[in-house]
Amino acid sequence: MNRFSTPTVRLIGAPTDSHSSFLRGAAAAPRLIRAALHSDAGNMTAENGLELGTDILLEDVGDLQLAEDAGDPALIRVAVAAAAAEGSVPILLGGDHMVSFPAVEGVASVHGPIDILHFDAHPDLYEDFDGDPHSHASPFARLMERGLARRLVQVGIRTLNRHCREQAERFGVEIVEMRHFAPDRVPIPEGPLYISIDLDGFDPAFAPGVSHHEPGGLTVRDVLAVLARVTGPVVGADIVEYNPSRDLNGVTAVLAAKLVREVASLVGKNGR
């Protein structure tokens with residue numbers, strides 16, 4: 001894709017609960033996020049005025065055929081790398097947060113080490129969680145130890161225990177804890193940038209459809225205000241941890257769909 005062509009985002013579904021630690025349900029998320037995205041209740045326009053499908057082209061390759069076994073990470077990595085190599089910006093619809101590690105691997109295989117902006121209630125930096133080094137609580141430890149990210153900025157964290165604090169210091173992670181949060185206090189990496197949004201980063205009042213309710217979180221407007229400050233090229237993203245079994249009237253699916261539009265609009269505004 002050259003700078004004069006219409007930018008393209010590629011939706012890739014990753015329906016898996018293979019490394020969920022508390023409740024299953026995230027594997028059912030991608031189709032419901034798509035349904036909300038295409039619902040007649042809304043439209044494809046982001047808040048900056050760019051329209052998905054017009055100003056930014058939309059490719060949807062459907063869901064990967066994940067089996068919740070050891071072969072799944074490679075399927076994710078290959079699909080994301082193919083999108084990046086073909087000039088599209090992959091947006092992965094999870095699925096549990098383990099998908100971020102192979103997704104970043106795929107993007108980095110094309111672009112080299114990247115910057116990451118990560119919204120979450122949890123830092124997901126465990127060396128392993130309950131003996132699982134690929135737990136959804138560990139993806140950022142895996143990618144940092146492999147040098148796949150130059151910078152990792154985490155926003156909305158409010159469960160920072162001693163172990164994860166030590167891990168953050170070990171890897172040089174920049175954390176904006178929720179107790180200190182303000183949109184203008186978030187350092188925005190220059191990019192190329194990967195954006196990872198765990199829906200439990202939002203306060204449960206805004207996103208009840210998650211497995212891990214953690215009060216005191218981000219509002220929708222908080223996250224949009226941070227995203228509006230992104231000016232560098234966006235080369236990939238994921239939206240993860242939507243658990244439809246806990247949702248109320250589909251409001252979390254609608255939020256996830258809005259985030260697809262808003263992240264896609266950054267691709268249109270900033271390029272890749």
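Is glutamate 59 buried, partly exposed or exposed? With a relative accessible area of 28%, glutamate 59 is partly exposed. The points below concern a predicted model.

1. Glutamate 59 and its partner. The side chain of glutamate 59 meets that of arginine 10 in a salt bridge, at 2.7 Å from N to O. Because arginine 10 belongs to strand β1 (residues 8-14) and glutamate 59 to strand β2 (residues 57-63), the pair ties together parts that are 49 residues apart in sequence. Arginine 10 is buried, its relative accessible area being 10%. That value lies under the 20% limit for a buried residue.

2. Arginine 34 counts as buried at 13% relative accessibility, whereas aspartate 63 is partly exposed at 30%.

3. Strand β5 and its surroundings. Strand β5 (residues 149-157) has seven of its nine residues buried, and it is therefore largely enclosed by the rest of the structure. Strand β4 (residues 114-119) runs parallel to β5 and is joined to it by six bridges. Within this pairing, leucine 117 stands opposite valine 153 of β5. Strand β6 (residues 174-177) also pairs with β5 in the parallel sense, over four bridges. Here valine 155 stands opposite valine 176 of β6. The chain passes from β5 to β6 through helix α5 (residues 162-171), and this β-α-β crossover is right-handed.

4. Glutamate 177 forms a salt bridge with arginine 165, and their closest N and O atoms are 3.6 Å apart. Glutamate 177 is in strand β6 and arginine 165 in helix α5, so that the pair links distant parts of the chain, twelve residues apart. Glutamate 177 is buried, with a relative accessible area of 12%, while arginine 165 is partly exposed at 33%.

5. Salt bridges in the whole structure. A search of the whole structure finds 17 salt bridges. A network of salt bridges links Glu127, Arg142, Glu145, Arg146 and Arg170.

6. The largest nonpolar core. In soluble globular proteins, nonpolar side chains tend to be buried together. The largest nonpolar core of this model has 49 residues, of which Leu117, Phe119, Val186, Ile195, Leu199 and Phe202 touch the most other members. Helix α7 (residues 251-270) supplies the largest share of this core, ten residues. A second, separate core has 35 residues, including Ile12, Ala14, Leu64 and Ile157.

7. Contacts of phenylalanine 202. Which residues does phenylalanine 202 touch, not counting residues up to four places away in sequence? They are Arg158, Ile197, Ala207, Gly217, Leu218, Thr219, Val220, Val223, Leu255 and Leu259. Phe202 is also among the residues that touch the most other members of the largest nonpolar core.

Notes. Residues numbered from 1 in each chain as written. Predicted model: local features only at pLDDT ≥ 70, side-chain atom pairs only at ≥ 80, totals over all residues. Heavy atoms only, no water. Buried < 20%, exposed > 50% of the residue type's maximum accessible area, 1.4 Å probe, protein only. Helix = DSSP H or I, 4+ residues; strand = E, 2+ residues; numbered from the N terminus. Pairing = 2+ DSSP bridges. Right-handed = clockwise from strand over helix to strand, strands pointing away. Core = buried A, V, L, I, M, F, W, Y, C linked by side-chain atoms within 4.5 Å. Contact = heavy atoms within 4.5 Å. Salt bridge = Lys/Arg side-chain N within 4 Å of Asp/Glu carboxyl O.
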